[in-house]
There are 8 protein chains.
Amino acid sequence: MSDLINKKISQLKSGELSEKEFAKFLQHLPYNNMGNIKLDFHRQLRRGLPEVIYGKGKSLLQLEAIVQKYKDLGEEILITKLRADYFDSLRSSHPDLIYHERAEIVTFDKPPEIRVKGSVLVLSAGSSDEPIAEEAVVSAQYLGNHVAKEYDVGVACLARILDLQDKFNDHTVIIVVAGMEGALPSVVAGLTSTPVIAVPTSVGYGTNFNGIAALLSMLNSCSGGVTVTNIDNGFGAAYQATLINKKISR
Amino acid sequence: MSDLINKKISQLKSGELSEKEFAKFLQHLPYNNMGNIKLDFHRQLRRGLPEVIYGKGKSLLQLEAIVQKYKDLGEEILITKLRADYFDSLRSSHPDLIYHERAEIVTFDKPPEIRVKGSVLVLSAGSSDEPIAEEAVVSAQYLGNHVAKEYDVGVACLARILDLQDKFNDHTVIIVVAGMEGALPSVVAGLTSTPVIAVPTSVGYGTNFNGIAALLSMLNSCSGGVTVTNIDNGFGAAYQATLINKKISR
Amino acid sequence: MSDLINKKISQLKSGELSEKEFAKFLQHLPYNNMGNIKLDFHRQLRRGLPEVIYGKGKSLLQLEAIVQKYKDLGEEILITKLRADYFDSLRSSHPDLIYHERAEIVTFDKPPEIRVKGSVLVLSAGSSDEPIAEEAVVSAQYLGNHVAKEYDVGVACLARILDLQDKFNDHTVIIVVAGMEGALPSVVAGLTSTPVIAVPTSVGYGTNFNGIAALLSMLNSCSGGVTVTNIDNGFGAAYQATLINKKISR
Amino acid sequence: MSDLINKKISQLKSGELSEKEFAKFLQHLPYNNMGNIKLDFHRQLRRGLPEVIYGKGKSLLQLEAIVQKYKDLGEEILITKLRADYFDSLRSSHPDLIYHERAEIVTFDKPPEIRVKGSVLVLSAGSSDEPIAEEAVVSAQYLGNHVAKEYDVGVACLARILDLQDKFNDHTVIIVVAGMEGALPSVVAGLTSTPVIAVPTSVGYGTNFNGIAALLSMLNSCSGGVTVTNIDNGFGAAYQATLINKKISR
Amino acid sequence: MSDLINKKISQLKSGELSEKEFAKFLQHLPYNNMGNIKLDFHRQLRRGLPEVIYGKGKSLLQLEAIVQKYKDLGEEILITKLRADYFDSLRSSHPDLIYHERAEIVTFDKPPEIRVKGSVLVLSAGSSDEPIAEEAVVSAQYLGNHVAKEYDVGVACLARILDLQDKFNDHTVIIVVAGMEGALPSVVAGLTSTPVIAVPTSVGYGTNFNGIAALLSMLNSCSGGVTVTNIDNGFGAAYQATLINKKISR
Amino acid sequence: MSDLINKKISQLKSGELSEKEFAKFLQHLPYNNMGNIKLDFHRQLRRGLPEVIYGKGKSLLQLEAIVQKYKDLGEEILITKLRADYFDSLRSSHPDLIYHERAEIVTFDKPPEIRVKGSVLVLSAGSSDEPIAEEAVVSAQYLGNHVAKEYDVGVACLARILDLQDKFNDHTVIIVVAGMEGALPSVVAGLTSTPVIAVPTSVGYGTNFNGIAALLSMLNSCSGGVTVTNIDNGFGAAYQATLINKKISR
Amino acid sequence: MSDLINKKISQLKSGELSEKEFAKFLQHLPYNNMGNIKLDFHRQLRRGLPEVIYGKGKSLLQLEAIVQKYKDLGEEILITKLRADYFDSLRSSHPDLIYHERAEIVTFDKPPEIRVKGSVLVLSAGSSDEPIAEEAVVSAQYLGNHVAKEYDVGVACLARILDLQDKFNDHTVIIVVAGMEGALPSVVAGLTSTPVIAVPTSVGYGTNFNGIAALLSMLNSCSGGVTVTNIDNGFGAAYQATLINKKISR
Amino acid sequence: MSDLINKKISQLKSGELSEKEFAKFLQHLPYNNMGNIKLDFHRQLRRGLPEVIYGKGKSLLQLEAIVQKYKDLGEEILITKLRADYFDSLRSSHPDLIYHERAEIVTFDKPPEIRVKGSVLVLSAGSSDEPIAEEAVVSAQYLGNHVAKEYDVGVACLARILDLQDKFNDHTVIIVVAGMEGALPSVVAGLTSTPVIAVPTSVGYGTNFNGIAALLSMLNSCSGGVTVTNIDNGFGAAYQATLINKKISR
């Protein structure tokens, strides 16, 4: 089947096949079977967003094959949770890849365009939460959102939050990234009517239990309007924010 | 009291009241101090939704005072997690209250009106998850949403889910209520581009650990587009769905 | 030995023994051996505070014997965590006992006097946290402190907290009682230089895990100046506050 | 006793002892006592399967002695969970060993023969679950089963699973390997009457808790016909599948 | 659609529709939509076993409707985990139901027939594990298996187990039910080549943690050939045993 | 086989069989098969102690049958964890049973005799730990030990412990029963060369987690010479103490 | 910047600056916005203590920028939890920094002055708890307290503690640092009327669970007068002690 | 220093020293204060055993100082849990130290003598449990016990255990070391009247949770006569066994 796709891709490139015809072809093709890894082209059609590759735990060979395939298809790609040393190896065969260092995200060098109405505000509680906040910011940008960010605005200094308060209602989704006691989403949600997506981080020590303290805090928020992602899942929050913004854009 | 606020707002617009005077008025109205319970009227201004009373753990006296206060103010009310026997006592002094039995919710007898664009679809996995699903449905209705529901569509019989698949994208938010292994949100999110709010329930036994199995399953969903509430928090999901729909309605 | 004490008590009452001599006698008496229960009179000398009886799990017979013994000695008593139905039985033999209902505390009918400088402010987050907050308030009063209290000031409505902010530094200890996500102590500690003792409560449901969510939140507070007691241990916080105030009173 | 065995082995090799006689000798020999390690020859007789060596935590010396002993006896061997660097050391003294890299399994170079009726289908949810799936596949092959496999068929893309659905009933056991939310076994079991053995993997992050999320999901499966092994225990699933297939082969 | 089914049922009873035609009709009917509860008739076709109703958490009304529907269809039923007091209410409207008291299972009064080759041996460790063992026994019988049982054969007295040892290989599946330290499945699996399905029970106290100790013990069994069900899931073990025996019967 | 035993018992009573012959008969009889409950007579021979019945979770019928059987055999009995209301029912058919109320233990009315050298000292930390301490005391007495006890000697008042210190080395085993923070065994073990068996109790609240806090404290004791039983397992400690004292008595 | 503030305060006192102007000055000085890291100068006003930098998880660049900013402002600094290798890098650009090696704390080379009445006694249970105890000692010294310390005084040897007993009441706060079973705070609190701040450490193995055993032990202390910090949070204890001592110094 | 003590004891016996003077001598000798580490010489008097040094977490400097001190005093020493690389450093300054490699124990080169009656049998379940079993064996030998050992006798092959069964009663204590499902102590205790000390090991993977599965299994043992140590605490078991044997030796 992979031959068929390659043929279709050639036809697409040569103009033998129109973009519309190629899309139709893909609609009848459940997924691209690359041996043990199956790429889900239907997703783009079903969900309107490219497949995102979770980088951790994949071998370099698997990653290189995936990147090549998407490059051939002219598709966008977003690889998350890829450590810098892995990226260095990957770049040797694909020198045009961009590495978003703090976010640990890899993308192609095409600049993202704004695809949705609405906008996402990303807040982080402490400076140590920044990598996960950056994962959310970069993901949201590459998924086509307007993104604003304010970092290091934890509840230990309420003045910082109160200063920002007036902007909260201007956005359509607020992503709040916090470790330690995870109180920021509750405080923010109490000050706005914008839905809050809370991302617990594994920042902290001792009874933080790698983010469980923050997670439980967020799940038990006394303020309404808070839903929660897995610990350190900045991408997941950006993805959900994008789905919401796409609904707004209809 | 909302009338008073509206009157003040009119005066503000007409110039009868200066901005400073209006701010001062608000400053003295932060919340209604009923001794040890403080009702938050600012919330309506801040969030555009009435305060919701969490019924569990409050004494009958507290509940009666709260109901009376809201009745005097002509405000709406939504009391969640109120057991039937408590309601029976409460009704003796407030015979006009309505009890939504499966949902364990109390409301005034005013019919809710649709206040937002968009709509909410509530799915439940098993028939034992119905009470929490009903909590979500009744809450979403009284918060002003269009609501559709489909129950008993767990993953053990995929045919049921595949039958509904075409409707998923028509809604702006899908609330998925599931206990046991909590797999339904992952499956639903894989089939739609509508954001999914997952509500784990405490239904199950043994290693279900009162909903932890379902909660963890949902937090670790391999499908993007799933965020999670506390266990059994049907109201919380409805509240978040309402905030999203209000953004769509702008 | 119990005979010896009884004799000494008679002598004290009759004036045969001065209070000073009696105190000296007690100093040489490690504890009062009532069979299987040993009352610690040294504690009053060592710590300057009466022994407090943890009511839960003790039989009615044990409680009656303890009350009688303290009455004979003219000592103060504070029984905590005693359910109303137990108290009703206990009162039949000791009609002069006072029951502080919400606090579930039993005391003798002597009004407490102020014994320390400084003062304690007790805050509670939600109206459901009130019983534990009351346990702290009544305990602190009977241990001789000036006590102020403000309830229902959770982080979902920051206005309530900011209103109180100016008073925080006036007190020497602030006890903050909170369930659910337990964010209040972090916010309060960020606004004051008064030491905060945080008391997690078992209020909440689902992932609250009977107070663990709040406990972890408090132990991981991003604000300095927060130490924590066991879940629902309002008395423990009051006791610690008293020890601090006694140091201030030296 | 070890001398006796060596003597018997020599006799077997020289033809002094028939295979049947040697088997009889072994039947009367509970286990081979190699100092601190005891090899269980009875198992082959009791269970019809060779002893499998759990490689992790054994020293190189222990492993070399075990391999030598089995070689002397002409017995098959399956060493599981042996990291590549350990194998490299082991191979220097036993160059004829085969290393199944992704599966982290060591075997002798004899090709396995089919010993049982029935067949095993191994499914894996994500590409990161592949090592454990391979452990199951290689184990099942070397234990004498027909084995088929399909990888990367997680519930986020149901189309992949529905495509395979028709094959499910053709096999006598299905092993489903999944990390993250662990929903795949529930979905598969709902589509077939073949017994499903679910293997949770430690793939994931945050609240996955190294496989606990997947494990709990599988134990709480709403579909009947699912039993579960330890986390990452691909071999254990293959072993149980073999016992089932042996029953079918009677 | 429910009208259609009722009509078809009438036609079936009147002979207007043959059994074969009715089966064909059902094949094209995904499931029976009873409002909020959906019965899965396809399951019988897909899996060859009747739908089993999990009794706990269902209301009496729901249960009565389910029983009536199955009675109308002439289908078998197995309701598990139904407490005696619930059954007493249910029997008043359906006097022909049978209650298996120790097993807490409800069935229709038709005697079960043997439908599969192979047989199931159910072992229990202590006399307190008997209810769950009985749930397995009754379930296995009503699902059409030959069933043998031996209770109170825990590892504290090995003699009891060694006495039974010779019978182990005669069965095609052994279900081992054990609470406390859960050691019995490991010992049994070490003595046989029959696959063992281990059912941890919540019997015990303290660190048993309602069955977690036994569950972990079973998941970590040093003997191969053990897979595990949820705690107290006697039915689940019987169901899996039936699927295995059906494979043997092909 | 039960007939055979009954016949043998008759013969024993009639003198047809000597006690020695009867013992020999029992030696060849692995256990007494009472249908689903198997009594282990070999244990007395193997371990020199009567079988102890764990009362919790057994039905009244089971208990009555067990009591009757032991009465017929003239054997001693010790039923632990039997709630008072169960005993009241049991006594109606067996009026000669003794109930040790605080210990929740049932015995026959024969006074125990001292069978071992050495002696057991039972300490408890708080008055709420008394029931479990009593379970240890009564069990140790009925198993034939010299027993001394000292209650309410927790670490909050070291004077009590230091007073007892001199007696610690006089005993051969010390059982220390403690809930809450479980510090007593560490302190006691630091003061003596007598082995300490620590029994955590479920006394406490909040983060005590029904005895886990005490259990962990005891397992992590910084003092050598402490081993631990299950939570609330006073009998288990007494049993182990008896085995130790029997070794001393050889 | 503190100079600027002091200047402004002088101006305020002299009347050069009105209260309103001073407030405005403060309003524009909420915190120093260094891009993504915000330094909280208000804290000094609100709490009277310099901001402390949690070193773990911050990048070298972030740390260097922070150090430079504070140096420019002439402010004090305390960086906690900074590993030796990080410090070596940091010192290359800031050679005047001091590293407190066991405490893993970095400070400027200004000697601390005593700023509060009262004093802090730091106790540690075992020699392995020393690093956390040192963190408390150095922190308390740099926050301006009189500090005394006694290490290796665990409960396994009560003599050591009893020797120190007389000094306990001389201090205004006792910080007790302990790992393993965490019994020391309970014993110390039982011997004094000085408030005890308990710091659990992650010292131990197995069921210590990285400090959870000690934490639970401390939260469940049977002695009053114990509050608890996060695991390994020596700084947090010193900070709270300072707040208490500042109250004493008013 | 032991010489000094012995001299004083001789003087006491000869009457040269009164009992009161001797007590006074001891009072001034509570422990040797080496700065932050305090060696407990009283322990030898109180418990009759040398202080044992827990090697993990101590710095090389601390260890060298301790070794030197004991050498000077002519005292025995036992350092546990000391990794090989640490020992290599330690040996450079103390070349006469012996390293027991598998046990990770350091001792002086004096051969141990038998000091107690009775004997200890150490059993281990799997070959991976050997290091902890060796820790128990070496510790027990150096504490003066007769020690026997049998390794790799797990329950998967009962024949091995039944072979040893006859020896069990010959010993006065049996230490059973097991990881994975931890079933061995229950089986052994069921076969003997010798007290069993169970040592869970962190051997296993997945749901073994670093030894928790084995620990819970042992705490919940259905066989009487089992008490438990911390995970991997082979030394602790040996220490307790020694205390028991010393009682036997009186």
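Is E:Phe235 buried or exposed, and what is its relative accessible area? Keep in mind that this is a predicted model. E:Phe235 comes out at a relative accessible area of 13%, so it falls under the 20% cut-off and counts as buried. E:Tyr239 goes the same way: its relative accessibility is 3%, so this residue is buried as well.

Now look at how those two rings sit relative to each other. The centres of E:Phe235 and E:Tyr239 are 5.6 Å apart, and their planes make an angle of 55°.

Hop over to chain A for another aromatic pair, A:Phe235 with A:Tyr239. This one is tilted too, with 5.6 Å centre to centre and 50° between the planes. Helix H10 of chain A (residues 234–248) carries both residues, four apart, or about one turn of the helix. A:Phe235 and A:Tyr239 are both buried. Counting over all chains, the structure holds 24 aromatic pairs.

A:Lys81 lies over the face of D:Tyr205, 5.2 Å from the ring centre. Chain D brings a lysine of its own: the charged end of D:Lys81 sits over the ring of H:Tyr205, at 5.2 Å from its centre.

Conventions
Residues numbered from 1 in each chain as written. Chains lettered and ligands numbered in written order. Predicted model: local features only at pLDDT ≥ 70, side-chain atom pairs only at ≥ 80, totals over all residues. Heavy atoms only, no water. Phe/Tyr/Trp six-rings, centres within 6.5 Å; stacked < 30°, edge-to-face > 60°. Helix = DSSP H or I, 4+ residues; strand = E, 2+ residues; numbered from the N terminus. Buried < 20%, exposed > 50% of the residue type's maximum accessible area, 1.4 Å probe, protein only. Lys NZ or Arg CZ within 6 Å of the ring centre and 35° of its normal.
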